[in-house]
Amino acid sequence: VTGKKSMPEEQRIGSILLADCGTVTTKAVLLDRVDGEYHFIACGEVPTTAEFPWADVSIGIRQAVEAITEITGRRFFDAGGNLICPERAGQEGVDIFAATISASQPLQVVLSGLVRDLSVASGERAAAGTYSLVKTILAADGRDGVLSEEERVRRIRDAAPDVICIVGGTDGGAATPVLEFVEAAALACALIEDGNTRPRILFAGNSRLRERVASLLDGQIELRVADNVRPTLTEESVYGAQAELDALYVSEKMGRLPGVDTVSGWSPVPLAPTARAFGRLVHYLWYLGDPSRGVLGVDVGGANTVVAAAFGGQLHTTVRSDLGTAFGIERFLQQRGVERILRWLPEAMPAEEAQGLLLNKELRPASIPQVLRELWLEQALARELIRSALETAQPGWKPGAAQVHPRLLPLCDTIVVSGGVLAHAPRPGQAALIVLDALEPIGITTLVLDEHGLAPALGNVALVKPLAAVEALDGGGLVNLATVVTPVGRARRGETVLSVRISYDGGGSVEVEVHYGDLEVLPLPPGQQATLELRPLHRFDVGLGGPGRGGKRRVSGGLVGLIVDARGRPLRLLAHPERRQQQLRQWLLDVGG
Amino acid sequence: MYYPSQSQATPLTVVRRERVLPVPGQVLVEIGDRVDPQQIVAEAALPGEFRIVPVARLLSVSPRRAARMMRVKPGDAVEAGQVIAMRRGLSRLAVRSPIAGRVTASGAGRVLIEADSPTLQLPANLYGEVAAVIEGLGAVIVSRGAVVQGVWGNGAEGFGVLRCLVKSPDEPLLAKMVDASCHGAVLVGGTGLEEGVFERAVEMDVRGIVLGGLPAALLARARQTRCAIVATEGIGALPMATPLFRILSTNDGREAAVNGSMRLRAGVVRPEVIIPLPAEATSTSSTTEIGAPLAVGMRVRIVRAPHLGATGTVAALPPRARSIETGARVRGAEVDIGLEAPVFVPLANLEVLY
């Protein structure tokens, strides 16, 4: 593997068993060396067992591993129920086991700050760095009316948070309104007699006030302190607060999940929240690519949607713990309306039917669509979940030179896509189209699919065995879904905007002219290498140095092939329902969906 | 092996149910006590009203001086109108408590007074015997009877005589059906209900409504309704599964406890109906072991279209994945639902009835 960073030599390890314990599904996958290279061997997927009658997440992991035993005959647990590690002769055990967890409830947060668009917005981004739900926001800017101290205390008490995050005031700036929030938080905590349920206070505001905050709380309430999320009006620094909240999530939520201690005992690597490990993977992939561009990851789970972005070496992880394909639907429908979802359907569906289907998914989260119209609805929901999570994430990014067009997605080398609705899309073209519709990437991007949902766990392995992790990623952890070329510019529908030539390494070539509005798929199967030559017209920008500039690029094959998305940015859907449905059917057809 | 989700639908079983307070309190029963549905098994003080009295501001002194003028300290009980701080001297001034309660905190020139809390009383909602006491939280009650679990509930609880108002599980519940004979009863419907049913239910002091599917448009209304509501199949125009309807309709006229409590994560709680039966049942009529892997012969319910709501038995468990209409290849089971041939259903879309 070549990369910007050299990796230390390490003793080579063989088999790798990975598990991910999600809110709905628990997955396990076995990777092993065959002829010196890692290959995917088998996987198992079962409903998560955090609830009755099991109430132990380790049981679900055993059940998923049991499915691998059924396929391979390999035994993983000894008679005492302990994981056999390292691998023994005779197909027993594994060399390394790593797991990620997202099954626990999110951290409940009350956020208080001074100005909604400044410190409070930064506080929200800090909270979104881990599995958390901001239940109440108290701002001092009067936008929601001026709250009395009693009302502030009441709102905090009624929210019953795990943590009260107090931000506000630039360093050396406002003091009195910030300290008033601290006093209100202290009073609210005084109303909670049970010390076990009393929230912590995280202070990430005006750093000059730390001593006064500690003095106000007088040791009665656990205080954690992080860097000011808004040290100046123009500067944001959310990482300290994010790290504190993430640590609280791990100790208070993930660590208390029944059975998590057992799983922890099997792994030499500390268990990690799935979102953190997913972010680590995205960050890691950035180091392997073009530093002037970004790497993006989206993971759409049953209860959470995660967007991780790496630009200029900086990772930005955004977890929407209120957005999932199963949980949080009712609130999502209330906030955004069912029409937002219905607009992505290739056939008509009454709103009430759609609402019923979506709400029933929350009641039976492990169920899967068995008929096409329900599949289209689930995929339409996925598009809106990703778009919604992106709206939260994007304002916190610092993409630098990768942001070539304002209001569009920055240039991304790679987009990692994960989560059941994407990984289990019956046809790879459907997964690719969901991502293109939801993220609207520009320039040249490789879509990479986390087929078995275990790439985050592999990211966790990278902590202790980086070389093995990279080899395993190449050997089955991630698969190329498609290479996408998206020209950006203005033209009339049907006008030629790009000339594309693919020269295959094994010989032969294909040349096409792409018209504005088209979605073209050119053959480039997995394992095939090729040289891509792009000649944009009408000053269209394909991400090769500016408007009108073309060039050559080496590309690898994927499950879908090479997609040229000339539908325009931002993507516009037709307003007329029947015409729009026809348009969507055509796009599905184009990508083989 | 596949371990599907499970749902209880049994005409006779031993029922063990935890009755637990949402906040720590006091348990009022002991092991071996016989309880009836109305009997309070535990009670707790709920968070009450409070007032923050800005003593320093009212006395026009600094917080430090105000501290010296306080007449109460945290933990003290106070009466409404009681003097809690006093400034002596020529301009003598007193600050009185606006409410009766307890001083919870004081400092920074203010006093936090918490009013006497309202008490939450937790009834047994079952006939039975206390099998265990959960210290400070509640009790485990053992009873015997029929159990029907649902998937959606409005959070309320109720106990009354079961009144089956429809003839078949696909018949909707209409407002005109809720007459004087429904007073204090638990109503059983089929698929959906008219909005007018809620008003009639209030008028007739109905204690519970059990039906197959609840229309999405009526969710908010159902949540506001005082009586317990349980949907056995989900949201939408969904008929009640036949075995569940049979259990409920054959027990028409018997008393039933309806619990609409529902939690989807972090300790899943399913809404349910329990019909206490006089039979001396010592074991369950179900042969399915709780938490057992899916096996041939098990009674299952299909939870997604095209056979949503159908129940039957597992006829075979093909070892290989098969294609379904969406194009996905999935592991599944062949389920006999009374059609000419068994139908293939993805494992994820099955729920075992036990």
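Student: How many disulfides does a search of the whole structure find?

Tutor: A disulfide is a pair of cysteine sulfur atoms within 2.5 Å. In this predicted model, the search over all chains finds zero. A:Cys43 is in no disulfide, the nearest cysteine sulfur being that of A:Cys21, 16 Å away. This is a predicted model in which local features need pLDDT of at least 70 and side-chain atom pairs count only at pLDDT 80 or more. Residues are numbered from 1 along each chain as its sequence is written, and side-chain values use heavy atoms.

Student: Is A:Cys189 buried or exposed?

Tutor: Buried means under 20% relative accessible area, exposed over 50%, and partly exposed in between (1.4 Å probe, protein chains only). A:Cys189 is buried at 0%, whereas A:Cys43 is partly exposed at 30%.

Student: How many aromatic pairs does the structure hold?

Tutor: Rings of Phe, Tyr and Trp (its six-membered ring) pair if their centres lie within 6.5 Å; planes under 30 degrees apart count as stacked, over 60 as edge-to-face and the rest as tilted. There are eight pairs over all chains. One of them, A:Phe311 with A:Trp397, is tilted, with 5.4 Å between centres and 45° between planes. The partners are 86 residues apart in the chain. A:Phe311 is buried at 2%, and A:Trp397 is buried at 7%.

Student: Which residues form an aromatic cluster?

Tutor: A:Phe77, A:Phe97 and A:Trp266 form one.

Note on methods:
Chains are lettered from A and ligands numbered from 1 in the order in which they are written. Helices (H or I, at least four residues) and strands (E, at least two) are DSSP runs, numbered from the N terminus.
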